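Please look through the model below. Some questions and answers about its parts follow.

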Amino acid sequence: MVKFSKQFEGQLVPEWKEAFVDYWQLKKDLKKIHLLNNPPTKLQQTSLTNTLFSSIRKLSFFAPQHRDHRVIQVHKKLASSASKGDMYETELLEQFDDTDSAGEFFACLDLQLNKVNQFFKLKEKEFLDRGDSLRKQMEILVELKTALKQQRTKGASSQDSKEDESISGTISCDEESPRDRTEELQGQDNTTDDQCDQNDGNFTDSPKSDEIGKSMRIKREDEKFGTLSGRVINCQGKNLRIHIPLTNPTRTFSYLLWDDLIKQSSKKFGQEGSKVHVNKTKLHHAEKMIRGAFIELYKGLGYLKTYRNLNMLAFAKILKKFDKVTNKQVLPIYLKVVESSYFNSSDKVMKLADEVEEIFVKHFAQEDRTKAMKYLKPTQRKESHTVTFFIGLFTGCFIALFVGYAIMAHIAVAMTAVVGVLFVHLTLVTKGYSDTQVQAIPGLLLLVFLLLLVCPFNIVYKSSRYRFLRVIRNIVLSPLYKVVMLDFFMADQLCSQVPMLRNLEYVACYYITGSYKTLDYGYCMRTKNYRDLAYAVSFLPYYWRAMQCARRWFDEGHTSHLVNLGKYVSAMFAAGAKVAYEKESNVGWLCLLVVMSSAATVYQLYWDFVKDWGLLQMHSKNPWLRNELMLRQKFIYFFSMGLNLVLRLAWLQTVLHSNFGSIDYRVTGLFLAALEVIRRGQWNFYRLENEHLNNAGKFRAVKTVPLPFQEVDAQD
């Protein structure tokens, strides 16, 4: 049977771990009481007595006396601020064998109960506010779609209705109270044909009642806003701006070309009002944003339910252990207080979750609850360790082959090919195949792998392959796509794969120019165009990463992204100086290479240690590290920082031209590239650790999806 502490740790929300009951600290306090109450010499003597008294206490005629006898009393106090809610403090009414330890235990228990109540109340308020915002967003969306459909039906014969990308209509909106709007929405028979990834903007809302027939009034503002939409909707007495995030090139170019969601027609005016054109595709994007926000809200409410249930169970378990250790009846007294506390008695979360389900079923699942729950509660895939096993197997085989190859290369420098490849090569030659045909085999294998990568059939992990291609696309078009963690994390990996990219460039040149037919391995190295392209390939990953920093600064406005951009710009200059020095080795380029590489190295080391890893905090409880550490052995962090420093200085090999005996320079390059992979691997670990701790520090367990309809001030 799994211990509760393991079960508790496995089921809690990682980002909220600090807000859960500190079950392990309570167990430590309880262990002190247990050691004081049950020394080894006394344990055997008191076991029979304890068993006898516990049996007597269970008799029914002792029950009334037991109910009147209270061991503790929990006082309920009002907190200084309303946000903290009620505070609980326990008073000991009966002497314990170790009163001080018992007092410390209940002080810690009260602290945990107050912490749980405060956090639950804070998150509940956050989700309730988010729910209110989503209700208003849904009301606006439904009103807009319904009014547009009615106008489209009335003006189907008009000339403006021939456009495919937009719908024209005259829309007005009367001010109503939110409650009236909610009641009207409940009476609406709205069926939205939206299947998440398969809907192309085909909205099928049923007509509303006569009261819902009040249309909305849309007016054009002379001022333009720095968002995708520069128009303002005046609805329910509020000025609303429709904002679609610039998450892909189409929306980005639309922003640059000022292709607004709502376009005012300046040509035709009538007594009914002004004509407007609403882009159906972008209206569909607005609906997808609201749908995603509902999914994240439901996910957060589920986490809050888990938070309540696990904490309730933790209180019950620790109180049961306390009763067992002290032979007191504290569980029914304190547990009654816990059950009546705010985090367990509030039902607002349950009501909001039910309301979210009803809204999602009605508007996003065509009244199909089963379909809706597939998105609200997606089934988790069964984990498979096959990939992990084969990665470990092949990694071990590669290390063995590499060590064997290094030994053979040390014994015989002329042996520069793997034995298996050499054997295949000789076998093909002896069978009469020409050198050209044999040389074409590696190129054909590379082509096969590329074709497999883009294969449209559902074989060989299609979803993973296409996900990889989408990430590479986002990186290549960095300024145009919204940057998420997966994108910039993958771009950082490419910054460590510059030697690999240059090798791929050489392979492409070798086969495209036909050098494999003449076995001219140095042709590409002598070609000026190739050398110029090598310069571009060397700084291209840094350029992509710099553009991602610029895009994040544009979206978020944090100046730290501009500082991070400077780091990659310095790396681009260092890479360019290195390529230039390789082309023309003189003192001028050498000095420039040393200056650029030294500045870039210091810049990168600072960013690695302080920003990416979150270390070198002077006032931390762990000197020169950070407050929260996942690894228990602190020396590992210092060792990793030292190793990162040494591996960051690998560029010195280019300046010093150091040779390891008679080993070919290409083998040296391969060795240095392997060291960079090792450096990036440890960087990945500490980067992800710091990211997780940042999320846990800010209690970010769900994504905050931006909403399309934003209220703005009329003066703006």
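This is a predicted model: local features need pLDDT of at least 70, side-chain atom pairs count only at pLDDT 80 or more; totals for chains, interfaces and linings use all residues.

Helix α18 and other parts of the model

Q: Which residues of α18 are buried?
A: Helices (H or I, at least four residues) and strands (E, at least two) are DSSP runs, numbered from the N terminus. Buried means under 20% relative accessible area, exposed over 50%, and partly exposed in between (1.4 Å probe, protein chains only). In α18 the buried residues are Val498, Glu505, Cys509 and Tyr510.

Q: Within what arc do the buried residues of α18 fall, seen down its axis?
A: The arc is that of the directions from the helix axis to the C-beta atoms. The buried residues of α18 line one face of the helix, because seen down the axis they fall within an arc of 135°.

Q: In which helix is Gln548 found, and is Gln548 buried or exposed?
A: Gln548 is found in helix α21. With a relative accessibility of 1%, Gln548 counts as buried.

Q: Which residues are in contact with Gln548, leaving aside its neighbours within four places in sequence?
A: Contact means heavy atoms within 4.5 Å. With those neighbours left aside, the residues in contact with Gln548 are Ile475, Ser478, Val483, Asp487, Phe488 and Ala491.

Q: How far apart in space are Trp683 and Met641, C-alpha to C-alpha?
A: Trp683 lies in helix α26 (residues 665–697) and is buried, with a relative accessible area of 2%. In sequence, Trp683 and Met641 are 42 residues apart. In space, C-alpha to C-alpha, their distance is 9.5 Å.

Q: What is the relative accessible area of Tyr461?
A: Tyr461 lies in the loop between α15 and α16 (462–476). Tyr461 is exposed, and its relative accessible area is 53%.

Q: Of the 716 residues of the protein, what percentage count as buried?
A: The protein has 26 helices and 9 strands. Of its 716 residues, the part that counts as buried is 40%.

Notes. Residues are numbered from 1 along each chain as its sequence is written. Side-chain values use heavy atoms; hydrogens and water are left out.
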